[in-house]
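Dear colleague,

Please find below the structure that I am handing over to you.

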Amino acid sequence: AHVKVPANWHVVVGRIDPLSGESSRMAETAPKTTPVINSKTVPTELVMRCGFKSHGLQYASLTVRFGSLTGVGHFKKFETRYRFDEGSIYQFTATSKIGKNHAREFLLNQIQPDPGVEIATAKRLRMEFNFQSAGVTFLDFNVSGATQALNALACPN
C-alpha cells in the first residue's frame with residue numbers, strides 16, 4: 001500500500017546520509033523561509049527518522065540539519081528554544097554533530113514531553129537559535145501531516 005505523503009514533506013529512503021555515511025530512511029521538511037546566517041543563505045531541514053515504539057505506536061526522532069554553516073566559529077553548543085503550535089516553549093542547549101561540507105545536525109530529544117510524540121498532532125514548529133557570534137536565527141516549519149510522512153518511511157517493527 002502506498003502512503004500519500006503531504007506536499008510539505010519529502011520522503012527519502014535508501015539515500016546515503018551525509019553525516020553518518022549510512023543508508024537512511026527520513027522525511028524532511030524545509031522552513032517557510034530559508035535562514036540567512038552570517039550573511040549566507042543556509043539550506044535547512046527538519047529531519048524525521050524512525051524513532052522508537054511505545055504501546056505499538058511508532059514515534060519519530062527529530063533532528064534539525066543546517067546544510068553548510070561556516071563563519072560562526074566552531075561552536076558545538078548553542079541555546080535553542082522551540083514550540084509546537086501555541087504549546088509550551090521549551091529551551092535547551094543543543095549539541096551539534098558536524099558532518100561533511102560543514103553540515104551540522106542536532107537532535108531534539110533532551111526534553112519531556114518528547115517532541116517525536118508532539119509532532120504527530122502539530123501544524124507548526126517554531127524554533128529560535130542563538131548562535132552568539134552570528135546572532136539569533138528563527139525558523140518556522142509547517143509540520144502538518146507528520147504522521148503520514150512517518151508512516152511512509154515504513155519503519156522496521
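The notes below cover the model itself, then the sheet, then the ring pairs.

This is a predicted model, in which local features need pLDDT of at least 70 and side-chain atom pairs count only at pLDDT 80 or more, while totals for chains, interfaces and linings use all residues. Residues are numbered from 1 along each chain as its sequence is written, and side-chain values use heavy atoms, with hydrogens and water left out.

Four bridges join β2 (residues 23-29) to β5 (residues 44-54) in the antiparallel sense; T29 has L46 in β5 as its bridge partner.

There are six aromatic pairs in the structure (rings of Phe, Tyr and Trp, the last by its six-membered ring, with centres within 6.5 Å; planes under 30 degrees apart are stacked, over 60 edge-to-face, the rest tilted). F52 and Y59 make a tilted pair, at 5.1 Å centre to centre and 35 degrees between the planes. F52 is partly exposed at 33% relative accessible area, whereas Y59 is buried at 17% (buried is under 20%, exposed over 50%, partly exposed in between, with a 1.4 Å probe and protein chains only).

F106 and F129 form an edge-to-face pair, with centres 5.6 Å apart and planes at 75 degrees. This pair links distant parts of the chain, F106 in β10 (residues 104-107) and F129 in β11 (residues 124-130), 23 residues apart. F106 is buried at 3% relative accessibility, and F129 is buried at 0%.

Yours sincerely

Technical notes. Pairing = 2+ DSSP bridges. Helix = DSSP H or I, 4+ residues; strand = E, 2+ residues; numbered from the N terminus.
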